[in-house]
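You asked for a few notes to read alongside the structure.

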Amino acid sequence: MFSNIKDQELIFRNLINGNWTNSKSGNFIEIYSPIDNRLVGKVPAMTTEEVDYTFESARKAQEEWKNTPINKRAEVLYKAADILEDKVEDLTNIMMLEIGKDKKSCESEILRTADFIRFTADASKSLSGESIPGDSFPGFKRNKISVVTREPLGVVLAISPFNYPINLAASKIAPAIVAGNTVVLKPATQGSLCGLYLAKVFEEAGVPAGVLNTVTGKGSEIGDYIVTHRDVDFINFTGSTEIGTRISKITSMVPLLMELGGKDAAIVLEDADLDLTASNIVSGAYSYSGQRCTAVKRVLVVDKVADALVEKIKEKVEKLSIGNPLEIDDVNIVPLINSKAADFVVELIEEAKEKGAKLLVGGNREGNLVYPTLFDYVTTDMRLAWEEPFGPVLPIIRVKDKDEAIAIANESKYGLQSAVFTENINEAFYVADRLEVGTVQVNNKTERGPDHFPFLGVKASGIGTQGIKYSIEAMTRPKATIINLIDRK
Ligand code: NAP
Ligand code: G3P
């Protein structure tokens, strides 16, 4: 599995109870590259019986794992981080082919993930409880003390998306297992080769049998079955709002942590540094072809500086590198993940054109490659003002002042992040205070990292909070043991 994989078709199996297992059905899902449609590899399409066995194994392994000292669990993570770093070249080659991401971004995702895993191991050492005296509450005496410890939740089902197949799988696995949970990972089908490779890294690092398991199969076929499985104690999901909403509708009494879609706004006020603003907007909107939850997905700029800002953005968009990530190392615009995704982006582009938005750059497509597209004078009756394209198209909406920008930003069903560009700290806080989002970036593009910051979406963008410390907290619960001292006097 860790041999040189370039130009070689990969057949991966699932990690179940410590064994690399094929599906008895003999069925595989073929993974084709979004770059040139070549067959990259195959993963098993698991049956429901195999899913049952996987969850049973995770349930059984949890009994011992939760009693394994935290320092031992942390050791596995440190080893996994080191192995992952060693495998950066192999894994980059797989990731480039599987999801069409450019080489530089693949490498930085993998190295960032190794840092994430190490930081999680460090953070686990300060996992502690508290003791609470009873007599701080009216009417109680000193004889009652609550000893509060943190307990794992049990079996965590981790479901990851295609766009960060290593980072968004590891950011669920590492905090879950260090806290004493066991994990069943269901990676995005397009991204499952990376997900299974990551499982191999954890296995090589010494994760015991059953502590980390994987399930592959199309979400549309096995998704409902796994999320409603009796052995799931917690679901940690990253993906679209559509699927996240479905999961929250069909599950019952299972806690959920969800990172979903977004429509992050960059709000530009009249005193903004326009060069800095334009650079941030362009890299925020177009890197990896806009296939990032935290991509800048609309610009709300006050009329006074709109012409100057638009000119600067346009100049930069025209200079973006476009093409094949196998040929250009840090290419910005790559083919989208599949033709359905490209069709959707083109649909939004066409509607904006029909409704009178001014096309400044792009608008064209070749196969899955949608050229970087920039629209000015987008209005609120256009779908592009509200929908998440997950592609390289940026709408500019002109507004009269900051209050109109805030109103349009908040009218979105999403609430992941927003950015405000201004040199006036009071204005920055005025806007930040009023935005209904998880995070506001002042004078920076919207982005998740660094990964120990809290990361969350409100409204249709998510449930709960990620970020190393926050993820560990989310996947543990307090357990209170109350000592009642007997007064024998
Ligand atoms: P997606 O289509 O929602 O898929 C996400 C995961 O859900 C995949 O593993 C998918 O498996 C699985 N799935 C599909 N149907 C399911 C079902 N009925 N039950 C359970 N699981 C099911 O999302 P995506 O296209 O991979 O990723 C893009 C979306 O993710 C965007 O909306 C983006 O904004 C969002 N995202 C959000 C964040 C964040 O942190 N807020 C980060 C990254 C991405 P299959 O691949 O087998 O269908
Ligand atoms: O975790 C990866 C994804 O959520 C986006 O990360 O930091 O590039 O916005 P970032």
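Predicted model: local features only at pLDDT ≥ 70, side-chain atom pairs only at ≥ 80, totals over all residues.

1. The three strands form an open sheet in the order 1-5-4, and their pairing is mixed. At the edges you'll find strand 1 (10-11) and strand 4 (28-32), each of which pairs on one side only. As a reminder, strands of a sheet pair through backbone hydrogen bonds, either parallel or antiparallel.

2. Now zoom in on strand 1 and strand 5 (residues 39-44). They run parallel, and two bridges join them. If you'd like a spot to look for, Leu 10 stands opposite Gly 41 in strand 5.

3. What lies across this sheet? Helix 6 (residues 192-204) does: it lies across strand 1, strand 4 and strand 5. Its direction makes an angle of about 60° with strand 5.

4. The other sheet to look at is also open and has three strands, in the order 6-7-27, with antiparallel pairing.

5. One pair to find is Ser 146 with its bridge partner in strand 27, Ile 482.

6. Next, the second largest pocket, which holds about 590 Å³ of space. It is lined by 24 residues, and the closest to its centre are Ser 105, Ser 108, Tyr 164, Ser 287 and Arg 292. Helix 4 (103-124), helix 5 (167-178) and helix 9 (274-286) are the elements that give two or more residues to the lining. Helix 4 gives the most, with five residues. Sorted by class, the lining has five nonpolar, nine polar and ten charged residues.

7. Last, salt bridges: the count comes to 29. Look for the one where the side chains of Arg 59 and Asp 233 meet, at 2.9 Å from N to O. This pair links distant parts of the chain, 174 residues apart. Arg 59 sits in helix 1 (residues 48-65), while Asp 233 is in the loop between helix 7 (219-227) and strand 11 (234-238).

Definitions and conventions. Residues numbered from 1 in each chain as written. Chains lettered and ligands numbered in written order. Heavy atoms only, no water. Pairing = 2+ DSSP bridges. Helix = DSSP H or I, 4+ residues; strand = E, 2+ residues; numbered from the N terminus. Contact = heavy atoms within 4.5 Å. Axes fitted to C-alpha atoms, helices over the stretch in contact; angles between N-to-C directions. 1 Å grid on protein atoms, 1.4 Å probe; cavity = no way out; pocket = protein on both sides within 12 Å on 5 of 7 lines; lining within 4 Å. Points joined across faces, edges and corners; volume = space filled by probe spheres on them. Nonpolar A, V, L, I, M, F, W, Y, C, P; charged D, E, K, R; others polar. Salt bridge = Lys/Arg side-chain N within 4 Å of Asp/Glu carboxyl O.
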